[in-house]
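Hello,

Here is the structure for your files. My notes on it follow below.

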Amino acid sequence: MAIPRQLPNAITVARIPLAVVFFVLLLVGGTYGLADLTVRWIAAVLFIVAISTDWVDGYLARRYDIVSDFGKLWDPIADKLLTGAGFVGLAILGEVSWWIVVIILVREWGITIHRLVVASEHVVAAAWMGKIKTAFQGVALGWALLPLHVFIGLSPWTVVTTVLMVIVLVLTVVSGIDYIVAQVRGARQSR
């Protein structure tokens, strides 16, 4: 079966407006205490569907051998926009601490800006540790966004959310260090 060569890139680009719609719905839905649960469920499901497309576009690109420099560059950017919207939205709603969100965003956008700066020389694809970090961010954000406290109680939901966010923070920092070390080694080897 042949698929259009630009389908993986189109899926990647679609995550960008989905991130905006998700962010607006999340804020309209509100926090777990005062939430419009229907809107909160819609925002959470939209996030889960959108973050799942990261796997789909990568699979299609590899499976049909249509990996592109555009996809290598824009796929992580689309991911950062979507997960960043989730982290910032949860912080605005008071459900995740701002200090955690700030550290995560500094790492995410610092590396993204570096990728954009060096893009004219070469495209830096996501490393395996960065992919694990992104997958775990998706799982943790999916959990935090779903209003599951209605079923399991606010206290257990808050504990699990806090533990997941600390794990995400550690993975984000460690994968950032891994990226920097890899870039320094690469720069030394190219001399």
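**A charge over a ring**

The charged end of R63 lies over the Y64 ring, 5.2 Å from its centre. The rule here: NZ of Lys or CZ of Arg within 6 Å of the ring centre and within 35 degrees of the ring normal.

Before the rest, some ground rules. The model is predicted, so local features need pLDDT of at least 70, side-chain atom pairs count only at pLDDT 80 or more, and totals for chains, interfaces and linings use all residues. Residues are numbered from 1 along each chain as its sequence is written, and side-chain values use heavy atoms, with hydrogens and water left out.

**Nonpolar core**

The largest nonpolar core has 30 residues. Such a core is a set of buried Ala, Val, Leu, Ile, Met, Phe, Trp, Tyr and Cys residues joined through side-chain atoms within 4.5 Å. Buried means under 20% relative accessible area, exposed over 50%, partly exposed in between (1.4 Å probe, protein chains only). F22, L145 and M165 have the most contacts inside this core. Elements giving it two or more residues are α1 (7–29), α2 (37–63), α3, α4 (98–118), α5 (128–145) and α7 (154–189). Helices are DSSP runs (H or I, at least four residues), numbered from the N terminus. The largest share, six residues, comes from α2.

What does L145 touch, leaving aside its neighbours within four places in sequence? The partners are F22, L26, R40, A44, F47 and L90. Contact means heavy atoms within 4.5 Å.

Best wishes
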